[in-house]
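I opened my notebook to record what I looked up, one topic at a time. My entries follow the order in which I checked things.

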Amino acid sequence: MKKIFGLLMLALSCLQAQAAEEPFESGRELIYSSINNYSVEKGLSLYKRKQVIFFRNDTAYVVAVSKSSELDPFWIATELENLPVDDQFAYDDHADKIIFSSVGKLYYSYWRDNSWSQHKRVKMEGVNMKMVHPYNDPNSNPKNIQRIFHPTFAKGGDRMYFAAMSKDRTDLDIWYADRGPEDTWLAPHRLAINTDANEEHPFVVGDSLLYFSSNRAENKRANLYYVDLTAEKQEAKVSVLSNANSDEIGLVVVDDRAHLISDRCPLRADQVCDDNIFKAQVVRREEREAGISFKDIPESVPANVKNPYDVLPFVFRTMTEAEADSALAHGEKLRKDRLMRLDSIAKAKADSVLWVALNSVDENKRASMLTNNVAKTESKVIFYFDLDDDHLNDKYAADLDAIVQYIQSDPNSKFLVYGFTDERGTDKYNQNLSVRRAQSVFNALCDKGVPSSKLLFTGFGERGLVVKNAKTEEEHQKNRRVEIRKM
């Protein structure tokens, strides 16, 4: 009877695990991400607008997660270069703040004036400040914490989980701390699910499932475990995403799309058994894209918007062949290779695009002219437009040839085409004009033989002025431009 009861309890436990991890059931066979190269990837972290950041050779890369669960490569996160981020960090989108570890200590920084502020040490009761509030946790003594790593947020940034090493111990444990007053944190608590092995890289999904890596298995591999935080008795279970014969050292989930770092061996012979990013091939999400014409593009930027990040532009791409066939079948009159569609992750991309565009404005002042209308800087080429003009004709052939040569110099990259205007005109008109300018350059480059699949385009209106409060026509023209930048 006891044996039967035990089997029933085991079956019930398995059912609960399956229910808890139901979104990932279809992704138990992880797939090698195309974003990997022959270097080591580490430090998966959530970032702005559901972007993901990972580190490769100490460089942080911003990517966005597509509906097919693929990580779409985009920009190097140059805004993080002045912060000594070691690995996984925590981003609080409510406060626009990050907390990160550096050499075993926690620091925080706020997003201010389009950059991260000077970082400061995180203050936590019992760790590096006096105990102020009552603390009755017999299982943990925060005074013993020596080093802290891998912070991550839950409860909208009001709770922080992290891995910590205590005095006289060599292993890491998972702790959590709740937010206190004025950028302080209350005394942390050590989770009961910790063992004598390493528990690290916590990540919380939906405030109910805590994932972490641990080498508690017999073979000492760092497998992926999870804990149901809502359960009366919390118990660590092996995740369906884990692999007994490999190390999983970090998980990030965007909606129902999971990515983790693992050293499992890919299937192709030319791929490397190293710390790489793998994706869970979850059930495809409902298609939300729809073919659009340019008259449907939102044109206005509200007059009361003070921060340019409050309103982001759309990013456009050409349709795939199948999408184009479908649009043409519904009576679309545009050329098949020029049918436009909002990019599938337009908002996430636009955030990165806008940041890069606005923060490379000073670079324009060092531009050298290649032709009458095209200039080149360290990272882009610039095409200058006449007043209130978005048309290109035969007289610009040499200008376009110079841009094509720039693009062809790197055949393996994609390029972003984004437009700007000067300050004259309404916000609504200028936003639309900047998109039309970018579209004109996009179309002209395609006519010159550049594959449309290599180009994305958008417009930023009068944001990103090279010369503010321009007076002369020469100064205004420096603002009337389209920039072509390698992604």
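**Entry 1: helix H4**

I started with helix H4, residues 397-408, in this predicted model. At 1.5 Å a residue, its 12 residues should span 16 Å. The C-alpha atoms at its ends are 16 Å apart, so the two values agree.

Next I asked which residues of H4 are buried. I found Asp399, Leu400, Ala402, Ile403, Val404, Tyr406 and Ile407. An α-helix has 3.6 residues a turn, so residues three or four places apart point the same way. I then looked up what the buried residues of H4 pack against. The strands are E27 (374-376), E28 (380-384), E29 (415-419), E30 (455-459) and E31 (481-486). Helix H5 (427-447) is also on that list.

**Entry 2: confidence**

How far does the predictor trust this model? The protein averages a pLDDT of 80, and 77% of the residues score at least 70. Over residues 1-18 the pLDDT is below 50. That stretch has 5 contacts in the model beyond near neighbours in sequence. Residues 283-311 also stay under 50. For them the model has 57 contacts beyond four places in sequence. I note that where pLDDT is low, the predicted coordinates should not be read in detail.

**Entry 3: salt bridges**

How many salt bridges does the structure hold? I read 24. Side chains of opposite charge can pair when their charged atoms come close.

I looked at arginine 190 and aspartate 173, which form a salt bridge. Their closest N and O atoms are 3.0 Å apart. This pair links distant parts of the chain, 17 residues apart. Arginine 190 sits in strand E16 (residues 189-190), and aspartate 173 in strand E14 (residues 172-178). Is aspartate 173 buried or exposed? It has 1% relative accessibility, so it counts as buried. I also found a network of salt bridges that links Arg169, Asp171, Asp173, Arg190 and Asp196.

Then I turned to arginine 424. Its side chain meets that of aspartate 422 in a salt bridge, 3.0 Å from N to O. Aspartate 422 counts as buried because its relative accessibility is 3%. Arginine 424 is at 34%, so it counts as partly exposed. Arginine 424 also forms a salt bridge with glutamate 473, with the closest N and O atoms 3.3 Å apart. This pair links distant parts of the chain, 49 residues apart. Arginine 424 is in the loop between E29 and H5, while glutamate 473 is in helix H6 (residues 473-479). At 41% relative accessibility, glutamate 473 counts as partly exposed.

**Entry 4: a sheet**

I traced an open sheet of 4 strands. The order is E12-E13-E14-E16, with antiparallel pairing. E12 (145-154) and E16 are the edge strands, and each pairs on one side only. E12 and E13 (residues 159-166) pair over 7 bridges. I picked out phenylalanine 149, whose bridge partner in E13 is alanine 163.

**Entry 5: nonpolar cores**

In soluble globular proteins, nonpolar side chains tend to be buried together. The largest nonpolar core here has 29 residues. Tyr47, Ile53, Leu80, Phe89, Ile98 and Trp116 touch the most other members. Which element gives the largest share of this core? H3 does, with 6 residues. I checked tyrosine 47 beyond its neighbours within four places in sequence. Its contacts are Ile53, Val62, Glu79, Leu80, Phe89, Tyr91 and Trp116. A second, separate core has 27 residues, including Val65, Leu224, Ala258 and Ile277.

Terms used. Residues numbered from 1 in each chain as written. Heavy atoms only, no water. Helix = DSSP H or I, 4+ residues; strand = E, 2+ residues; numbered from the N terminus. Expected span 1.5 Å × (residues − 1). Buried < 20%, exposed > 50% of the residue type's maximum accessible area, 1.4 Å probe, protein only. Contact = heavy atoms within 4.5 Å. Salt bridge = Lys/Arg side-chain N within 4 Å of Asp/Glu carboxyl O. Pairing = 2+ DSSP bridges. pLDDT = per-residue confidence, 0-100. Core = buried A, V, L, I, M, F, W, Y, C linked by side-chain atoms within 4.5 Å.
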